[in-house]
Protein chains: 2
Amino acid sequence: MERPLLPLGAPRAERADAARNRRHLLATARTMLAEQGGADCLTMDALAERAGLGKGTVFRRFGTRAGIFQALLDDDEQAFQQQVMAGPPPLGPGAAPLDRLIAYGRARIAFLLDHREMARAALDGSLPVPAGTETPLSRTHIRMLLGQLRLDGVDLPMLALQLTAALDGPLLFYLSNSDLTESTDIQKRMTRAWEDLIQRVCGG
Amino acid sequence: MERPLLPLGAPRAERADAARNRRHLLATARTMLAEQGGADCLTMDALAERAGLGKGTVFRRFGTRAGIFQALLDDDEQAFQQQVMAGPPPLGPGAAPLDRLIAYGRARIAFLLDHREMARAALDGSLPVPAGTETPLSRTHIRMLLGQLRLDGVDLPMLALQLTAALDGPLLFYLSNSDLTESTDIQKRMTRAWEDLIQRVCGG
DNA sequence: AGCATAAACGGACTTTACCCCGCTTAGTAT
DNA sequence: ATACTAAGCGGGGTAAAGTCCGTTTATGCT
């Protein structure tokens, strides 16, 4: 009469076949994205068929079309997170909070520009949150770094939210507006703007 | 052999019947929203039928479902814009740029919280831009005010974009996350956070 | 091994946004 | 007035997202 090993908080781990299917679906999705151009060629029906699974399964796994792209993005983001949490400074721990903030922005900008298409498709009108604001990792990390700066008289969670938005906003804008126009120096420009903003906000 | 009165830039004004239908559709949409609860009860078919028009007409007028909500929002925003451009200070012209910036944020937060449902429905995954970043008025106005502050060594358009995002981000977040949880003091909190941010960025 | 049960599966079904294209009509030039 | 034309109209048609529910299967317990 043991209690279940996963006490009560964790909603029970994913079943083995489910996990396998998830991986398989993600892999199939990647393949399809690589073959065909454009993220909107990836329909749920097509993905299901291509993967040799039922449509219901796809929806059970990812909930929504956008969910697939979020999953793909999360997947790619693992390495990035690793760098942030345990990599070398200034992105990883060890550098001054201010430097880490700046490094974080730079890295995130680069990452998202590399994944623009996925990022775009991971948005969704019907589903609650519009991207930038979502990304709990970004917000949490920024909040932590801000906390270390000991700015006084500040609403920390709110400032973190603002800065997260300020980081993603320009990205979303260029991601969806131009998509191809002058792409080279935009990254530099956004990075620089982020750096400036941080300096101003955190009293550089 | 006169040249057309609208030189070439303006793509020819809307035909009278078209304009009438647009107004009628918007009015009908408002009615339906008032009667039924929830924005997602408003389907294109239903709207067309209720208005006694063809479905094609609805799409011709607004392009997309989200387009309807954007139109509704724009419509309501007229009065707001009027206040910004010609109303009394500090929102309108006459006050110091810094005060106007703060007042603008306060007003926009209030406006969007009042129109949360529309704002939410005006988002759209397939359509390019995710809301906050869109709103060209906001960005333009903020850019103008920042310009008057003569901050030096700053990438003005980019800073305007960042601040626009920082203004809308928290809104979008609370709009879509809680939707109803503690609603009273959120407005105050966001307003205050905006004020703080502006002070920090613009060297208060 | 055998059993119980909660999770996963499949795929038909429903709903809805959005497209298409032949017909009608407002605006304009003669 | 008349004729011309571009814009607007209608509503059936399509495709894709998301739902439902009866069936199958992994997993933990005895």
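The model is predicted, so local features need pLDDT of at least 70 and side-chain atom pairs count only at pLDDT 80 or more, while totals for chains, interfaces and linings use all residues. Residues are numbered from 1 along each chain as its sequence is written, and chains are lettered from A and ligands numbered from 1 in the order in which they are written.

DNA strand D is surrounded by 26 residues, the closest being Ala16(A), Met44(A), Leu53(B), Gly54(B) and Gly56(B), where near means that the C-beta atom, placed from the backbone, lies within 6 Å. Two or more residues each come from helix 1 (16-35), helix 2 (44-51) and helix 3 (55-62) of chain A, and from helix 1 (16-35) and helix 3 (55-62) of chain B; helices are DSSP runs of H or I with at least four residues, numbered from the N terminus. Helix 3 of chain B supplies the largest share, 4 residues.

Around DNA strand C there are 27 residues, of which Leu53(A), Gly54(A), Gly56(A), Ala16(B) and Thr43(B) come nearest. Here helix 3 of chain A gives the most, with 5 residues.

Chain A is divided into domain 1 (15-63) and domain 2 (72-202), with bounds from an automatic or database domain assignment. Their contact takes 4 residues from domain 1 of chain A and 4 residues from domain 2 of chain A, counting C-beta atoms, placed from the backbone, that lie within 7 Å.

Methods:
Two residues are in contact if their C-beta atoms, placed from the backbone, lie within 7 Å.
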